[in-house]
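Hi everyone, thanks for coming. Please have a look at the structure on the screen, and I'll walk you through a few of its features.

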Amino acid sequence: GTLGVAVIGTGRMGADHVRRIDEVISGARVAAVVDVDAERAKSVAAGVEGCTAYTEPAAAMAAADVDAVLIASPGPAHEAALLTAFEHDLPVLCEKPLTPDAASALRILQAEQKLGHRRVQVGFMRRYDAEYIKLKALLDSGQLGRPLMLHNRHRNAGSPPGFTEAMLINDSVVHEMDVTRWLLGQEITAVTVLRPTPSGNAPDGLSDPQFVVFETDGGALVDVEIFVNCGFGYQVQAEVVCESGTARIGDGHAMVTNMAGRWGGTIAPDFVERFAEAYDREVQAWVDATRRGEVTGPSVWDGYAAAAVCEAGVRAQAEGRRTEVQLIERPALYR
Ligand code: NAD
Ligand code: ISE
């Protein structure tokens, strides 16, 4: 039957996922929404037929019409929601980051193992982006030979108030950490963070942009330009340099116009637009797998591994030196 989903957190991403499940996704409906802000939950629920508003995740998860949970609250609230979902043995799609630090991610890793089966897909949506999928297929085909370097650019038009140095790593660069592990099939072993003199447009207390370097256990070097106040739009680009060629994605050349003596295209304003199709594919894949009784996509292991790299990244950033990643051995459930 139709999957009754409880969406926890109805902010920017949560509200967009509610719309998506309501209007785009097949096989699921929004049975409940939860927000600590009762008014926000009520107003989102009011737009969806048969949807109940709650302020407590536990209350929604105990409801008879809730079969699965989509967590879109801020990172620090994910651990409590995940543990409650495990108590009810409910399937979960958890927005990235799994949790904001390695110790809490490890607790989730242990809790899911205690449950005895995988229940969580982590919201690393770039794995569902059409261009990233093509790039991964090309690398896996071996036509380009061994990947030597991966260059990434990650630019946001602006950062929200309260966006911190640590969030630059935990909320933004975490995407490149996952994409690196997934594209290359390698673990990240060390992180170094370098900074130019900050842009005059960077908010107080945020050194922006920054240049992050990963080393991998396969001997590849990965760099990330993270620039969250670039001002001109939302851009995510990647270029892999291999032994026999290179491949590049994210140029956004879907349409090129000629007008008034210039040629060019448009830049997406934000992630909601840039990754709209990836989010659609991600949520549909989660609903389809859940209805088959399966769990696919980025796992709690992937969420933990990214959190461990984040922890090294935040330390590298604060201490200004190359920092090695500490990772436990991959448990049998995730092999
Ligand atoms: P937001 O601040 O816009 O929304 C968060 C909402 O959660 C708010 O309405 C807040 O009141 C509510 N909330 C806070 N604590 C809660 C709790 N304990 N229980 C229930 N609700 C709670 O944040 P956002 O930008 O929508 O981010 C939400 C999540 O989505 C984060 O994990 C973030 O990293 C992730 N995100 C992912 C992407 C992506 O590209 N995949 C993009 C943006 C955000
Ligand atoms: C945000 O949380 C995201 O996940 C976006 O994809 C990323 O581009 C942005 O920098 C983050 O703040």
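Let's begin at proline 209, which sits in the loop between β8 (188-194) and β9 (210-216). Helices here are DSSP runs of H or I with at least four residues, strands are runs of E with at least two, and both are numbered from the N terminus. Aspartate 208 and proline 209 are joined by a cis peptide bond, with omega about 5°.

A word on the source: this is a predicted model, in which local features need pLDDT of at least 70 and side-chain atom pairs count only at pLDDT 80 or more, while totals for chains, interfaces and linings use all residues. Residues are numbered from 1 along each chain as its sequence is written, and chains are lettered from A and ligands numbered from 1 in the order in which they are written.

Where is the loop that holds proline 97? Look between β5 (92-95) and α5 (102-115). A cis peptide bond links lysine 96 to proline 97, and its omega is about -15°. Another backbone detail is aspartate 89, a residue other than glycine with a positive phi, near 55°. Aspartate 89 belongs to the loop between α4 (78-87) and β5.

How confident is the predictor? pLDDT is its confidence in each residue, from 0 to 100. The protein has a mean pLDDT of 97, and 100% of its residues reach 70 or more. Strand β14 (residues 262-264) has the lowest confidence, at a mean of 95, and strand β10 (residues 221-227) the highest, at 99. For the model, ipTM is 0.99 and pTM is 0.97.

Now the ligands. A residue counts as near a molecule if its C-beta atom, placed from the backbone, lies within 6 Å of it. Around ligand 1 there are 25 residues, and the closest are Gly9, Gly11, Met13, Ala77 and Glu95. Which helix gives the most to this shell? That is α1, with three residues. By class, the shell of ligand 1 holds eleven nonpolar, seven polar and seven charged residues. In this scheme Ala, Val, Leu, Ile, Met, Phe, Trp, Tyr, Cys and Pro are nonpolar, Asp, Glu, Lys and Arg are charged, and the others, Gly among them, are polar.

α7 packs with helix α10 (residues 300-319) at an angle of about 130°, their axes 9 Å apart. Axes are lines fitted to C-alpha atoms, for helices over the stretch in contact, and angles run from 0 to 180 degrees between N-to-C directions. The two helices α7 and α10 are therefore oblique to each other; angles under 35 degrees are roughly parallel, over 145 roughly antiparallel, 65 to 115 roughly perpendicular, and the rest oblique. The residues in the contact of α7 with α10 are ten nonpolar, three polar and four charged.

Finally, the axes of helix α1 (residues 12-23) and helix α9 (residues 276-291) come within 11 Å and cross at roughly 65°. His17, Arg20 and Ile21 of α1 meet Tyr279, Asp280 and Val283 of α9, where contact means C-beta atoms, placed from the backbone, within 7 Å. That contact of α1 with α9 has three nonpolar, one polar and two charged residues.

Conventions
Two residues are in contact if their C-beta atoms, placed from the backbone, lie within 7 Å. pLDDT is the predictor's confidence in each residue, from 0 to 100.
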